[in-house]
Amino acid sequence: MLVTDPSRLVSNLLEKGKENEWLEFKENNFSADSLAKYISGLANSAMLAQKRHAYILYGIKDKTLEIVGTSVDLSSETQGSEPLKKWLSKVIRPRLNIEFCTAWFDELRVEVVVIDAEMLSPVQYNGKSYIRIGESLSPLSTYPERERSLWSATSRYSFEGSVCCGNLSIAEIFNLFDVESFCSMLDCVRASHEAYIDYLVGLDLISEDIEGGFSVTNLFALLAAKNVKQFPALKGKTPRLIKYKGKNKLVAEDDVIGARGYAIAFPRLLSAIMQRLPHEEEMKHGVRRVKHAIPELAVREFLANALVHQDFSESGSRPTIEIFEDRLVITNPGVPLINTDRFIDAPPKSRNESLADMMRLAKLCENRGSGVDRALVSIEKSYLPAPMFQVVEGATVVTIYCKKAYAKMTSHDRLRACYQHACLRWEASEYLTNMSLRKRLGLSDSQISQVSRLIAEAVEARLIRPLADDQPKKNAKYVPIWVE
């Protein structure tokens with residue numbers, strides 16, 4: 001939390017009327033050891049109270065709340081030979097965002113510690129966790145029921161719900177975010193800026209903060225920011241689009257990194273990809289149409305998946321779309337939560353549920369688990385090679401191929417097509433047959449024997465199995481290997 005008006009923050013905190021589990025008042029009695037214990041205790045208590053921040057104020061009488069001032073200057077304090085903030089970063093785990101700021105009331109100085117209370121595990125000081133109970137600071141281990149509750153609370157922490165900026169006015173929110181465009185995607189039209197703000201508060205995308213302004217979540221910034229790069233925690237999360245010349249990465253013809261939020265940029269990004277894909281023009285009923293090498297539906301679904309299912313904790317990487325002469329490669333940071341072989345049939349599962357929900361409400365993606373199925377059906381209808389799903393160096397990579405003759409397909413290409421076709425047929429309550437696979441691959445009736453050999457190879461590779469061991473060879477039916 002970046003404090004923009006320390007004096008107003010202090011005044012608003014004093015209006016609470018007394019200390020509580022996430023708020024501590026002190027006069028002049030400073031010690032680094034005491035501060036570290038309070039950071040642990042207040043952060044843990046704030047998390048239990050569902051507060052995003054905890055506060056320690058020096059220069060306030062804790063009984064009367066009188067501003068008396070302090071000689072404590074946190075920015076110049078040291079512990080041993082180290083600056084205080086550097087020392088805290090070593091002894092507090094997990095690492096928290098901790099901010100020091102100063103408020104002045106005439107000649108009286110008030111020092112403020114702002115503690116980010118959004119974390120993945122209870123906060124420890126030198127390996128020991130504390131908790132604020134009433135006005136007392138105690139070891140967390142003495143309150144096992146609160147420790148259990150705290151672990152439950154920290155497990156609900158999400159990158160999406162964290163605050164990326166605070167104390168914004170309504171005008172600043174409309175200046176930084178494309179509010180009206182985003183809300184229109186959710187079929188929301190309001191008569192005033194204030195009404196839009198109320199709507200966003202209701203969606204938990206923004207909230208009123210202690211300084212009197214509004215705090216904006218990472219989720220809203222990711223969805224609707226006019227320039228995501230303005231927010232330090234998010235600037236590396238926008239997608240990158242690269243168009244290469246030929247089939248390798250030696251020459252890049254185009255390299256663009258996005259700036260706008262996912263929701264408001266998605267239609268534009270999808271259009272940019274389709275324009276750069278190999279395509280040809282054809283005349284149909286006197287109308288000239290553009291036919292792309294890869295169906296737009298498939299690109300749309302895999303692109304949305306890459307944005308929604310990425311791992312935001314991975315630093316130094318972003319969703320990347322690479323276009324080659326013969327293929328499209330979409331990469332997102334993070335290992336998938338389900339095995340790549342089960343992308344087609346597995347129930348929906350996302351590490352970013354709020355982002356998935358918002359993208360669905362904006363009609364940009366599905367979260368019923370049908371997105372991959374829809375993409376693969378469109379690929380089969382276009383007689384394209386089966387896409388490849390891989391996990392490479394902690395990232396999920398989807399490769400979608402342009403058209404390739406069956407004779408030029410590798411054995412892996414053919415087996416992949418056979419397996420994915422069996423999965424799609426099973427999902428539709430049908431079975432893979434020689435005829436269905438022949439049709440999927442765009443082959444003629446004279447190529448029955450070739451398809452039979454492919455099916456036999458897929459059975460041997462344990463990708464599919466016969467529906468029944470004693471079934472006749474003619475009109476034999478097959479299912480994915482994992483079908484019970």
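1. Quick note on terms before the sheets: two strands count as paired if DSSP finds at least two bridges between them. Strands are DSSP runs of E with at least two residues, numbered from the N terminus. The model is predicted, so local features need pLDDT of at least 70 and side-chain atom pairs count only at pLDDT 80 or more, while totals for chains, interfaces and linings use all residues. Residues are numbered from 1 along each chain as its sequence is written, and side-chain values use heavy atoms, with hydrogens and water left out.

2. Start with the six-stranded sheet. It is open and mixed, and its order reads β15-β14-β18-β19-β21-β20. At the edges sit β15 (252–257) and β20 (388–392); each has a single partner strand, so one side of each has no neighbour in the sheet. On average, neighbouring strands here are turned by 15° against each other, direction ignored (axes are lines fitted to C-alpha atoms, and angles run from 0 to 180 degrees between N-to-C directions).

3. Inside that sheet, have a look at β14 (residues 240–244) and β18 (residues 320–323): they run parallel and are joined by four bridges. Leu241 is the residue opposite Ile321 in β18.

4. The four-stranded sheet is open too, but antiparallel, in the order β5-β8-β9-β10. Its edge strands, β5 (92–93) and β10 (136–139), each pair on one side only.

5. β9 (residues 128–133) is worth a click. With β8 (residues 124–125) it pairs in the antiparallel sense over two bridges, and Tyr125 has Lys128 as its bridge partner in β9. This hairpin has two residues between the strands, and Asn126 takes a positive phi near 50°. On to β10: the antiparallel pairing with β9 runs over four bridges, with Ser138 as the bridge partner of Ile131. That hairpin also has two residues between its strands, and Gly134 in the turn shows a positive phi of about 60°. Five of the six residues of β9 are buried (under 20% relative accessible area, 1.4 Å probe, protein chains only).

6. Finally, the second largest pocket. A pocket here is an open set of points on a 1 Å grid over the protein atoms alone, where a 1.4 Å probe fits, with protein on both sides within 12 Å along at least five of seven lines; lining residues have an atom within 4 Å of a point. About 720 Å³ of space lies in this one. Its lining has 21 residues, with Gln50, Lys51, Arg52, His53 and Glu118 nearest the centre. β2 (53–58) and β12 (206–208) each supply at least two lining residues.

Technical notes. Points joined across faces, edges and corners; volume = space filled by probe spheres on them. Buried < 20%, exposed > 50% of the residue type's maximum accessible area, 1.4 Å probe, protein only.
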